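Hi everyone, thanks for coming. Let me put the model on the screen, and then I'll walk you through a cavity and a helix pair.

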Amino acid sequence: MESIYYVMAWACHRRCKHCYDSRFRPYTRAALGDVVDEAIRNFPRIVDHFPERMTYVDPAEPPDRRVERTGRIILSGGESLLDAVRESVTYKVIERLEARYRAVGGARIIIQTTGDLLTDRIVGDLLDRGVHMISVASVDDFHVGMKGPEKQRAFVERLTELFERHGMRPSGVSAATRDWRAEEGPLYSFFGATPDSWIGKLWPRGRAWENSLPRATIDDNFCNRWSGGLNFLRHRFAGSEVSVEPDGSVYPCCVKTALPLGNLVEEPLIEILDSLAGIPAFEAIDAGQPQRMGVAHGWDEARFAAASRATLPDGQAYENLCIGCDSFHREHLGPVIAEARARRIAARDAARDARAGLMPA
């Protein structure tokens, strides 16, 4: 697979008003212990259910010239470098990933962070564990203390000096492109929810929705782009990415559908994806055409467009394909996902029985 976006824990030291999930926030006392315990309890099973190889090929290349390339795993939060999770979760996940993929083509590990907790020691710890890139995702006006170009410039300059003291180089590509694959690490990068960026219009999710901040229209198809649902089923090839939550829930996009596809605490990722191939709704997401996901269920594109309309909390009329996707998931896809899971369980049971000699292989 080319890319996995793994949210390891919900804990964060910020409560940004534009965040796509309200579960990213500061936690204290027992609540903090609960989210950290969830991450510690689940990450071994989640990582062990990642693909056996984090490699892929480019289908645009002639079959006889295809080169197997190393994919990436983006580790995020919340804030993955908080004291509460840095050593007990983040470092241990990196170490487990390195051990899992060391002999089978490797994996490029990217740490996504707000950046304001970075120190020489932490950067050194990450690089010692083989991290390929540190990506700072807070350079925008929404993050407290970062409003305005002067503050953002000073922040970037301070961290650039820190990174380059450790021999890191700036990445030459944006957060939304796959051209990263030719760059040798260790690298650093900066991005944020600026008006001209790939996430600048903000997803209709979480606190962004609660604060009536999304500006995406019906013409902004988040599905048909990198980190959207585009190509998520084609895990052997370039362009495939999924998103994973701390409880193991897996989604076809970072925006996240209303229902998860399955759970990596319970099952291998590739089995989940392969079981959904051929199902019209998921093939439509894979093609970046969510407006067609309901055709097999009697939802033509006009019906989907009608279901894509909503009202923001401040009373503004709003229209985006993600809203229609949510509506269709809730109305139709629960049983479809459950049936796919039942088929996977039956197939594993049959394989186990065959190995035990209870039935012909």
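Let's begin with helix 9, which gives the most to the lining of the largest cavity, with three residues. Helices here are DSSP runs of H or I with at least four residues, numbered from the N terminus. Before going on: this is a predicted model, where local features need pLDDT of at least 70, side-chain atom pairs count only at pLDDT 80 or more, and totals for chains, interfaces and linings use all residues. Residues are numbered from 1 along each chain as its sequence is written, and side-chain values use heavy atoms, with hydrogens and water left out.

How much space lies in the largest cavity? About 150 Å³. Of its 17 lining residues, C223, C253, V255, C322 and C325 are the closest to the centre. A cavity, on a 1 Å grid over the protein atoms alone, is a set of points where a 1.4 Å probe fits but cannot get out, and lining residues have an atom within 4 Å of a point. The volume is the space filled by probe spheres set on the points, which are joined across faces, edges and corners. By class, the lining has nine nonpolar, five polar and three charged residues. Here Ala, Val, Leu, Ile, Met, Phe, Trp, Tyr, Cys and Pro count as nonpolar, Asp, Glu, Lys and Arg as charged, and the others, Gly among them, as polar.

Now the helix pair. E271, I272, S275 and L276 in helix 6 meet A340, R343, R344 and R348 in helix 9, with contact meaning heavy atoms within 4.5 Å. Those residues divide into three nonpolar, one polar and four charged.

Key: Helices (H or I, at least four residues) and strands (E, at least two) are DSSP runs, numbered from the N terminus. On a 1 Å grid over the protein atoms alone, a cavity is a set of points where a 1.4 Å probe fits but cannot get out, and a pocket is an open set with protein on both sides within 12 Å along at least five of seven lines; lining residues have an atom within 4 Å of a point.
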